[in-house]
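Work through the exercises below with the sequence and the model side by side. Try each task before reading its solution.

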Amino acid sequence: SEVLLEDLDHVGPATAQKLKDAGFNTVEAIAVASPAELANSAEIGESTAAKIINAARQAADIGGFETGDLVLERRKLVGKLSTGCEEFNEMMGGGIESQSITEMYGEFGCGKTQVAHQLAVNVQLPPEQGGLGGSVVIIDTENTFRPERITQMVKGLSEKHGVEYDPEEFLKNIHVARAYNSNHQILLVDSASELANELKDSDMPVRLLIVDSLTAHFRAEYIGRGTLADRQQKLNKHLHDIQRFGDLFNSCVVVTNQVMSKPDAFFGDPTKPIGGHILGHTATFRLYIRKSKGDKRIVKLIDSPNLPDGEAIMSITTDGLSD
Ligand code: ADP
Ligand code: MG
């Protein structure tokens, strides 16, 4: 029952194409756009843009109210994905939650990509072993996905569980796409949704979406003060898309964000993740990871809607994450 852009009032084929070219691929994306934004992208007047946005809001059925019992009903489906580290899991109230965005931020080399790899393995396990019995989509913006690392972690898991897992089988349930720039990255969420739709009724539905790194392309492409609003608007839409992915597929969403060891003029405070405000309010769980002695890392839960702030120590070894 997907509504197409062409189905909306005031949207002809040419306008639909212009909207798509500008990255407005779904009715939802249009529903949350501003008239000015849409008018610029599709070369239409602002009043037409406003009418299209209204039509999209009705079609997408967004912005409506929901009663608490319905929210509770959906919350009952929330799954918890084990990180492989008990302390970390406990801090998260059992594990990484589905239907939420979990942001991991920290300096280069702190282990964000390692955690992402481990989650891509763990999600495939059945719930009684800390998984969600599903597959994973990885949007890789820094070319840091390494199948060899997955193989090591699966071997580590085999030892831990005393079961002979086949790394190849795990690799087959990891769907990776390189994102070449921020626009491509945004478009890949649509592709991810298509894939998740295809796999919805399979025995390995998508239960984890990873965007590693969420902000690197945005940071590289939007340089200078004048571009800040534009960047935030795009990032905001992107986050909206991935949150929706999480809700729609009862999937975990894990994104990474690098902080600078050396502050630069534009991105400011080194202990603050880039993306600033918007990211802060959209990510449901924010984790700050920093290096400690040897293979130890300190993971700090910064704020969450229902959990106390806390700290956990994890180790990153060849076998993967552990206590
Ligand atoms: P980030 O994504 O936060 O920049 P990474 O996740 O790439 O950082 O972490 C890199 C670190 O992970 C390395 O410095 C090393 O400590 C650890 N690491 C990477 N691969 C392995 C491995 N095969 N065995 C043990 N530790 C590893
Ligand atoms: Mg990384």
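**Exercise 1. Domain layout**

Task: State which residues make up domain 1 and domain 2, and how far apart their C-alpha centres lie.

Solution. This is a predicted model. Start with the division of the chain: domain 1 covers 5–60, and domain 2 covers 69–322. Next, take the C-alpha centres of the two domains. They lie 31 Å apart.

**Exercise 2. The domain interface**

Task: Describe the interface of domain 1 and domain 2 by its contacts, its buried area and its polar links.

Solution. Step one: list the contacts. Domain 1 contributes seven residues, and these touch six residues of domain 2.

Step two: take the area. Interface size is often expressed as the accessible area lost when the parts come together. Here about 620 Å² is buried between domain 1 and domain 2. Carbon and sulfur atoms give 55% of that area.

Step three: look for charged pairs. Side chains of opposite charge can pair when their charged atoms come close. One salt bridge is found across the interface. Now test Arg244 and Glu28. Their closest N and O atoms are 3.1 Å apart. The cut-off is 4 Å, so the pair counts as a salt bridge.

Step four: sort the residues on the side of domain 1 that touches domain 2. Two are nonpolar, three are polar and two are charged.

Step five: count polar contacts. Two residue pairs between the domains are in polar contact, both at pLDDT 80 or more.

**Exercise 3. Strands S8, S9 and S10**

Task: Trace the pairing of S9 with S8 and with S10, naming a bridge partner in each case.

Solution. Take S8 (residues 285–291) and S9 (residues 296–301). They pair in the antiparallel sense over five bridges. Leu287 has Leu301 in S9 as its bridge partner. Four residues lie between the strands of this hairpin, where Gly294 takes a positive phi near 55 degrees.

Move on to S10 (residues 310–317). S9 and S10 pair in the antiparallel sense over six bridges. Arg297 has Met314 in S10 as its bridge partner.

Technical notes:
Residues numbered from 1 in each chain as written. Chains lettered and ligands numbered in written order. Predicted model: local features only at pLDDT ≥ 70, side-chain atom pairs only at ≥ 80, totals over all residues. Heavy atoms only, no water. Domains from an automatic or database assignment. Contact = heavy atoms within 4.5 Å. Buried area = accessible area lost by both parts, 1.4 Å probe. Salt bridge = Lys/Arg side-chain N within 4 Å of Asp/Glu carboxyl O. Polar contact = N/O pair within 3.5 Å; in protein donor to acceptor, adjacent residues only side chain to side chain. Nonpolar A, V, L, I, M, F, W, Y, C, P; charged D, E, K, R; others polar. Pairing = 2+ DSSP bridges. Helix = DSSP H or I, 4+ residues; strand = E, 2+ residues; numbered from the N terminus.
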